[in-house]
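Please open the structure in your viewer and keep the sequence at hand.

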Amino acid sequence: MNIVALQRIEKILKKAGLRKTRQRVDILKVLANAKQPLTAEQIARKLRRAKPNKVTIYRTLESFVEAALVHRAYLGDRTWHYESGDHCTELQCHPHFTCTKCGSTRCMLDSTVGMVKGLEQGFVVHRQQVRLEGLCPRCA
Ligand SMILES: [Zn+2]
Ligand SMILES: [Zn+2]
Ligand SMILES: [Zn+2]
C-alpha cells in the first residue's frame, strides 16, 4: 500500500476513535480497493496471507459498522456484504444492482434515488438502501 493511502487509513481510524491494528488497516485496505460489497468470507480470502481468524474479522467489521466507516449492504442472499461508507451520504447508501441471470452485483455510484417520502409519524430513518434487480449489460 502506498504511504498516502496508509496515512488516510490512519486518519480514518483515529477519527473513529479506533486503535490502529494491522487487522483493521488490512481490512480497510481490502474494502477501499473493492469494486463491490464483500462478505466477511470474501474479505478473509483476500487476507489469506495474514491468516486471519474469521471471528476477529467479523468483530472488526462490526466495529467499523458501528463507527459508520463501513456499511452493510443487503444484496438479497441472506449474507451481509460490507463496503466502505465513502460513497454514501449520511442517510443513504448508493444503490446496488444485482443481475438475476449472472448474479453479479454492481455499485451504482452515479445513480441517485430520492429519500423515502410520506413515512408514518414517529418513524426515524437512519439509513436508506435501495437494491435493484434486473439484467446487467452483459446479460441483457
Ligand atoms: Zn453505504
Ligand atoms: Zn448479468
Ligand atoms: Zn456499493
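Which residue in E2 is the bridge partner of Val70? Select Val70 and look across to E2: the partner is Ser84. Please bear in mind throughout that this is a predicted model.

Next, select residues 70–74, which form strand E1, together with residues 80–84, which form strand E2. The two strands run antiparallel and are joined by five bridges. Five residues lie between the strands of this hairpin, and Gly76 there adopts a positive phi near 90 degrees.

Now display the zinc ion (ligand 1) with His71, Cys88 and Cys93. The ion is coordinated by ND1 of His71 and by the SG atoms of Cys88 and Cys93, at 2.1 to 2.2 Å. Along the chain, these donors follow the spacing H-x16-C-x4-C.

Move on to the zinc ion (ligand 2) and select Cys99, Cys102, Cys136 and Cys139. Each of these residues coordinates the ion through SG, at 2.3 Å. The angles among the four donor atoms are 103 to 114 degrees, and the site is tetrahedral. In sequence, the donor residues are spaced C-x2-C-x33-C-x2-C. Within this set, Cys99 and Cys136 link distant parts of the chain, 37 residues apart. Cys99 belongs to strand E3 (residues 96–99), whereas Cys136 lies in the segment after strand E5 (131–134).

Are they buried or exposed? Both residues are buried.

Methods:
Residues are numbered from 1 along each chain as its sequence is written. Chains are lettered from A and ligands numbered from 1 in the order in which they are written. This is a predicted model: local features need pLDDT of at least 70, side-chain atom pairs count only at pLDDT 80 or more; totals for chains, interfaces and linings use all residues. Side-chain values use heavy atoms; hydrogens and water are left out. Donors are N, O and S atoms within 2.8 Å of the metal (3.2 Å for Na, K and Ca); water is not among the atoms, so sites may look incomplete. Four donors count as tetrahedral if all angles lie between 85 and 135 degrees; four count as square planar and six as octahedral if opposite donors are over 155 degrees apart and all others between 65 and 115; anything else is irregular. Helices (H or I, at least four residues) and strands (E, at least two) are DSSP runs, numbered from the N terminus. Buried means under 20% relative accessible area, exposed over 50%, partly exposed in between (1.4 Å probe, protein chains only). Two strands pair if DSSP finds at least two bridges between them.
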